[in-house]
Amino acid sequence: LMAHKLLRPHGALVDQLRRDRAGGWAYQLRYVWYVLAVAPSFALALSALLGYYYTAFVLGSLLLRTVWILLLLVLLHAMAQRWLLIKVQLRKLKESRERREAEKLRASREGRSLADEGVAATVEDSRVDVAELNQQSVRVVRTVTVIIALVGAWSIWAEVLPALGILRAVPLWTNIVKTTASVTLPDGTQQLSEITKAVPITLANVGLSVLIFIVTIVAARNVPGLLEITLLERLPLAPSGRYAASTITCYIITVVGIVWAFNEIGIGWAKVQWLVAAMTVGLGFGLQEIFANFVSGLILLFEQPLRVGDAVTVGPTSGIVTRIRIRATTITDWDRKELVVPNKRFITGEFLNWTLTDSIVRIVLPVGLAHGSNGQVARDILIKVAKDHPDVLDDPPPSAMFLGITSVSMNFELRAFIQRENYGKVLNEMNSAIEQALHNAGLQIAIPRQEMVVKPGAQTLPMPAVTAPPAPDGSNP
């Protein structure tokens with residue numbers, strides 16, 4: 001009756017699920033859940049009425065234990081999601097405070113007043129919005145919950161349902177294993193001897209190997225996100241260092257999972273060393289570039305000549321490093337186009353990293369004034385424009401240089417230091433400010449001039465005769 005009242009397809013609980021996640025698989029299978037919840041209790045009651053009371057009693061107690069485990073896992077899953085939500089919102093709160101402090105600093109440099117109200121953020125008590133969480137962490141929590149549920153159900157029902165253990169009785173092949181054992185000699189002494197024995201690989205081993213493969217794939221894809229939220233952000237590491245740690249963790253999980261899965265089906269190092277030797281020979285021929293890019297990727301993660309988030313220039317392309325993978329690195333340029341560069345190029349070639357050790361760059365603004373302009377006044381105007389801009393750093397201070405006089409203009413150059421991320425914004429604003437300041441001071445921008453000298457009485461060359469093309473009817477008009 002309780003299962004019927006809770007899980008009936010048109011009950012309050014299912015209606016709430018429909019409002020929250022109408023397109024989810026939990027709501028789409030509502031009739032299946034209803035049958036699975038009501039049918040076992042009805043079948044046990046019927047078995048007791050037919051005389052199989054002890055069987056119904058044992059099965060009912062195991063079923064009750066299974067329900068308790070499932071309810072506990074649902075509670076723990078919800079608590080884990082709530083914890084992840086709080087972690088994400090705390091991170092957003094921290095970023096909001098940092099932006100607030102940066103805005104206050106900028107306002108003070110501009111001489112403006114900014115209300116000093118606090119930045120508030122609340123954790124709502126409504127249902128957990130999975131879309132706001134780190135999706136990798138959510139998938140890890142779900143996978144761990146499903147694995148615990150399967151292991152718990154197996155431990156409860158394995159003794160009652162021998163059919164669940166029949167997989168261990170289905171041998172598929174035999175694995176020859178050499179072990180060391182103590183052997184008693186005829187004189188009564190003990191001696192260690194190497195024994196060769198045949199170990200059967202059953203269907204249970206194959207199933208466990210497949211399960212390990214699946215768990216390895218899920219963990220390699222999702223554990224880095226969970227590691228970032230739970231551990232790495234607490235350590236004094238730069239974002240590039242956290243990215244390197246997450247990537248290396250992904251590699252380690254993949255290697256350990258593959259080795260473990262192969263060991264379950266009897267394929268150890270002794271069985272695959274010939275394959276490794278063959279692959280080594282292959283690396284010397286067709287796969288050497290792939291292997292070189294893989295090793296170069298590891299060097300990039302450890303040595304860090306470039307990191308995720310760095311501004312780099314590779315050949316004619318400049319952009320931001322967005323990903324460092326096993327084979328190649330992705331650079332997103334200013335037009336949002338992605339350039340995929342093999343890792344080997346960064347190790348054996350040359351590239352420009354704008355933010356390797358310092359995020360401060362120098363901006364150079366050339367200015368050409370008309371002849372006769374006051375050079376000292378022009379230099380003072382340029383320095384004043386730089387000092388008035390809030391994004392220009394005071395240390396190193398800006399400077400204005402008078403480079404020289406050409407036949408066209410008097411050439412000046414304004415040099416200032418800024419944060420790299422403000423490059424495009426400062427370039428636009430300072431060019432506009434320089435033009436307006438020079439105009440207000442009465443200084444003219446140099447305009448290239450060309451002079452044409454016309455001498456009277458010069459001999460005029462005769463114009464060549466132009467013949468019109470023939471008409472379609474063959475006549476020549």
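Modeller: Happy to! Two strands pair if DSSP finds at least two bridges between them. Helices (H or I, at least four residues) and strands (E, at least two) are DSSP runs numbered from the N terminus. Keep in mind that this is a predicted model, where local features need pLDDT of at least 70 and side-chain atom pairs count only at pLDDT 80 or more, while totals for chains, interfaces and linings use all residues. Residues are numbered from 1 along each chain as its sequence is written, and side-chain values use heavy atoms, with hydrogens and water left out.

Reading across it, the order is S6-S5-S4-S3-S7, and the pairing is antiparallel. Strand S6 (338-342) and strand S7 (352-353) are the edge strands, each pairing on one side only.

Strand S5 (residues 328-333) runs antiparallel to S6, and five bridges join the two. You can find two of the facing pairs yourself: Thr-330 stands opposite Val-340 in S6, and Thr-329 has Val-341 of S6 as its bridge partner. The hairpin of S5 and S6 has four residues between the strands, and there Arg-336 takes a positive phi near 65°.

Further across the sheet we come to strand S3 (residues 311-314) and strand S4 (residues 317-324), an antiparallel pair with four bridges. In this pair, Val-314 has Thr-317 in S4 as its bridge partner. S3 and S4 also form a hairpin, with two residues between them, and Gly-315 in the turn has a positive phi of about 65°. S3 pairs with S7 too, again in the antiparallel sense, over two bridges; here the bridge partner of Thr-313 is Leu-352 in S7.

Buried means under 20% relative accessible area, exposed means over 50%, and partly exposed lies in between (1.4 Å probe, protein chains only). Across the protein, buried residues make up 27% of the 477 residues.

Now compare that with the open sheet of three strands, which has the order S8-S10-S9 and antiparallel pairing. Strand S8 (360-369) and S9 stand at its edges with a single partner strand each, so one side of each has no neighbour in the sheet. From one strand to the next, the twist averages 25°. S8 and strand S10 (residues 410-419) pair in the antiparallel sense over 10 bridges, and the bridge partner of Ile-363 is Ala-416 in S10. H12 packs on this sheet, touching S8, S9 and S10, and its direction makes about 15° with that of S10. Touching here is contact, meaning heavy atoms within 4.5 Å. Angles run from 0 to 180 degrees between N-to-C directions, with axes fitted as lines to C-alpha atoms, for helices over the stretch in contact. H13 lies across S8 and S10, running at about 30° to S8.

These two helices also pack against each other: H12 and helix H13 (residues 423-440) make an angle of about 140°, with their axes 10 Å apart. Ile-381, Leu-382, Val-385 and Ala-386 in H12 meet Met-430, Ala-433, Ile-434, Ala-437 and Leu-438 in H13.

Finally, follow the chain into the loop between helix H12 (375-388) and strand S9 (399-405), where you find His-389. His-389 is buried, with a relative accessible area of 9%. The side chain of His-389 reaches the backbone nitrogen of Asp-391 at 3.1 Å and makes a polar contact with the side chain of Glu-429 (2.5 Å). A polar contact is a pair of N or O atoms within 3.5 Å; within protein, one must be able to donate a hydrogen and the other to accept it, and residues adjacent in sequence count only if both atoms are side-chain atoms. His-389 and Val-426 are 37 residues apart in sequence, yet 8.3 Å apart in space, C-alpha to C-alpha.
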